[in-house]
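Reader: I am new to this structure and would like to learn how to read its features one at a time. Please give the general idea each time, then the case at hand.

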Amino acid sequence: MIAVLCASTAIAQKSPEEFLGYKLGDRFTPHHKVVAYFEHLAASLPNVKLEHYGETYEHRPLFVAIISSEENMQNLENIRMDNLRRTGMEQGNPTSKVAINWMQYNVHGNEAVATEAAIMTFWEMADPSNAQAKEWLKNQVLIIDPCANPDGKDRYTIWYNQKQNNRLQPDPQSAEHIEPWPGGRPNHYMLDLNRDWAWQTQKESEQRIDLYHQWMPHLFVDYHEQGINEPFYFAPAAKPLHELISPFQYEFQEIYGRNTAEKFDEQGWFYFTKERFDLLYPAYGDTWPTYNGAIGMTIEKGGSGRAGLGMLDAMGDTVTLRERIEHQHVAGISAIEVTSQNAEKLADEFAKYFKNNSSNPTAKYKSFVIKGDQHPERVKALLSLLDKNKIQYGMAGNRSGLRGMDYETGKSANFSTSDKDIIVNAYQPKAVLTEILFEPEAKLQDSLTYDITSWALPYAYGVKAYAMESRLDAAKPFEAAVFEENKAPGKALAYIAPWNATVHAKFLAALLNEGIRPRFAEFPFEIGGNKFEAGTLIIHRNGNQYVADFDQKVADLANRFEIKLTASNSAYVDAGKDFGSPDVRPIKAPKVALIGGSGVSSLNFGEIWYFFEQELDYPVSILEAEYLGRFDLSQYDVMLLPSSWGSSLNGSAKSKVMDWIKAGGKLIAFENALNAFADQEGFDLRRYDTEEEKKAAEKVSQEIQSSERLEPYQERERLYISNTAAGAIYEVKIDGTHPLGFGLGGKFYTLKNNGSRYAYLNNGVNVGTIPSTDAYRFGYIGKNIKPKMADTMVYGIENQGRGQVIYMVDNPMFRAFWESGKLLVANAVFLVGQ
């Protein structure tokens, strides 16, 4: 006993300065030292517990610190379960009313002041001598995630610590204030974790939300940085506010805002509220928690990655790291204080939120039917997302005489259900999140929004679905169809696999990685009483005779992805092209390069990189744009050029790439990367079909500009958005006879995030087009450009010599969650030009 006491007393709680060896604000703290400090305090304090919830792609630990009173810590599991009982996610009645306050820092890696503030706040709340902290912790559990994006944070921290001057250098032109591409903001795969909450495409998001569901906090505060000339933002949030946000959720934002304003006013610090940062898009660190019953709030301190240890703002004042830490710390202490002051009401209102919404959902659409007999692989992928979000669903059963909004047409229609269909309704704990993820279009109080305005899952996943205004309960619990594994039959001549979902592209990539050479059918065919669409994969024994255990390998790979194969002992088809036809094309494993570097959108780059590495598991070389002119490009068959800002492909690099294309290469260009080819000599890509059309458009543009010149200055932001789009969904007509359109069923729902429009190609192939104004479905698009979207090309191909350029006007796999577009990209990479 004596030895134990001595060991315990030997561990003295050190302040950050004592432990780190420097004052907070003197430098940026690497992630491993952050971990070490949190572990130091947790090891010596009975009211602190660390919980590791995962790791990043670069294998850095993800963890939270849980802090409360010693009494609450001894009762922690009951407090947690009580809270889940309030939501209806667990059965029973809660016996405690302890508020749960989760504070997340540094989800954007180069907004690195947040982690430093987390250290300061953690120490103040854990410090045994802090009587005020002990009082606040009596009725709340505080969860601190000091760094939600360790990979991005260390990318920034390591770079900055290499570049910083020994003497404070606030000159904005100094090297330490100019962060190189791709910057520290995103995670390893260059994805923005702050826009990934609902979609959970990244492992950091999925692991964090798994822990979130174990706690379901009442308050969630997300700490960020903004431009250096924007002093400080805190709640209340700006409009538009989603209509399903409860009065209390916004009332508490006002409580917090006034409390924080009082503290800032005492110090004479600038701040603003109710501007810019709205509560609409469901995948943010403030909105997703809000749609899960919490009071979700964003905190933004002026500075960001450029500011470093200190930088001059527009007034000529030096904004220091120490100042930024203190401001975020005070905002955090305010959140802890108001949580304690309102703990019982937070718990009661949280319970009320779930009870009211699950028993009486108020959104227009209350039930959603997903047709399970069409594209079951796509439906399976959608259900996986619902599982990640803890959204309940069941089997529809056979019913007729139903009516609902058909997502395909955007209009009301009669329909019936079968025993393969899925019902998701809002009468469940996750009522609000369900309604929002399936809503065709959010109701906008204001068209000035911070992000996209439409995201409905049936469009994102390419599934047939209906939205109903009435309640429709499941006939029985969901039962996943049992996959009957393929058994290697021995000596089948060929194996046939479908091609209409992302999982089929994963299967193809796996075959190619194993050295198996598949083919694809350019025309529909029938064999053995079965019908197969164009794009169907045919894995023929001929050409694979040197593959050891060919049959077993094909069967094992198909079983891994749960793809049912059809075996055939004949290459003679009943209708269509025989397997030996020149129109049954062999698929040569392409050598793929992805262009990155200065001028390239790191986010679009990341979406593509993630797709190849984590979804397809297919090799891809990453080439920096500035070095293209000196590389041997003949090693590659396919190059992908993400959305760019002009400088990524020019001069000798562009000339060399063009020579490579004409020699047989295939370039896939996304969004703004099309600017390198549009209206250029030698290319068919044009913004206007004829000179007359161009002149007419210019005249209309001049008339609009003339009428806008006298508009009030403060209306200019609204005038700007009248010429752009914010996540407008359009039905794109797909030419299903071309390999770029295979497996899409003749249509694709694109998410339009820009006002770009391109005329139909004269000499190329217009695979994806918007033929009329009727193609618009939902989401905000400016009044000036909406009429111009008709008769435009969205996805097209132009031959250049022996090679091709594939134009992707819209990003088909936006933020890695627009699932249906991934097949379009796979078509471009693997099928086109074979």
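Author: Tyr-156 is found in helix α8, residues 150-163; helices (H or I, at least four residues) and strands (E, at least two) are DSSP runs, numbered from the N terminus. This is a predicted model, in which local features need pLDDT of at least 70 and side-chain atom pairs count only at pLDDT 80 or more, while totals for chains, interfaces and linings use all residues. Residues are numbered from 1 along each chain as its sequence is written, and side-chain values use heavy atoms, with hydrogens and water left out.

Reader: Is Tyr-156 buried or exposed?

Author: Buried means under 20% relative accessible area, exposed over 50%, and partly exposed in between, with a 1.4 Å probe and protein chains only. Tyr-156 has a relative accessible area of 1%, so it counts as buried.

Reader: What does Tyr-156 touch, not counting residues up to four places away in sequence?

Author: Contact means heavy atoms within 4.5 Å. On that basis Tyr-156 touches Phe-28, Gly-109, Asn-110, Ala-112, Glu-179, Gly-184, Gly-305 and Gly-308. A separation can also be given between C-alpha atoms: Tyr-156 and Pro-180 are 9.6 Å apart in space and 24 residues apart in sequence.

Reader: Where is Thr-157, and what is it in contact with?

Author: Thr-157 is also placed in helix α8. Its relative accessible area is 1%, and Thr-157 is therefore buried. Leaving aside neighbours within four places in sequence, Thr-157 is in contact with Phe-28, Thr-29 and Pro-30.

Reader: How confident is the prediction, as judged by pLDDT?

Author: pLDDT is the predictor's confidence in each residue, from 0 to 100. The protein averages 93, and 94% of the residues score at least 70. Over residues 1-10 the pLDDT is below 50, and this stretch has zero contacts in the model beyond near neighbours in sequence.

Reader: How many residues of helix α6 are buried?

Author: In α6, 12 of the 14 residues are buried, so the helix is largely enclosed by the rest of the structure. Among the buried ones are Val-113, Glu-116, Phe-122 and Trp-123. As for length, the expected span of a helix is 1.5 Å times one less than its number of residues. Helix α6 (residues 113-126) reaches 20 Å from its first C-alpha to its last, close to the 20 Å expected.

Reader: Where does Lys-355 lie?

Author: Lys-355 lies in helix α14, residues 343-359. With a relative accessible area of 62%, Lys-355 is exposed. The C-alpha atoms of Lys-355 and Lys-239 are separated by 26 Å, and the two are 116 residues apart along the chain.

Reader: Which strands pair with β9?

Author: Two strands pair if DSSP finds at least two bridges between them. Strand β5 (residues 219-226) runs parallel to β9 and is joined to it by eight bridges. Strand β6 (residues 232-233) pairs with β9 in the antiparallel sense over two bridges. Lys-301 in β9 stands opposite Glu-225, and Lys-301 is also the bridge partner of Phe-232. Eight of the eight residues of β9 (residues 295-302) are buried, so this strand is largely enclosed by the rest of the structure.

Reader: What is the strand order in the open sheet of seven strands?

Author: The order is β15-β14-β17-β12-β16-β13-β18, with antiparallel pairing. Strands β15 (411-417) and β18 (476-477) stand at the edges with a single partner strand each, so one side of each has no neighbour in the sheet. Strand β14 (residues 399-406) pairs with β15 over six bridges in the antiparallel sense. Arg-403 has Asn-414 in β15 as its bridge partner, and Met-405 has Ser-412. β14 and β15 form a hairpin with four residues between them, and Gly-410 in the turn has a positive phi of about 75 degrees.

Reader: Which residues have the most contacts inside the largest nonpolar core?

Author: A nonpolar core is a set of buried Ala, Val, Leu, Ile, Met, Phe, Trp, Tyr and Cys residues joined through side-chain atoms within 4.5 Å. The largest has 189 residues, and those with the most contacts inside it are Trp-199, Phe-507, Phe-612, Leu-640, Phe-677 and Leu-740. Another core, of 63 residues, lies apart from it and includes Val-48, Phe-252, Leu-321 and Ile-333.
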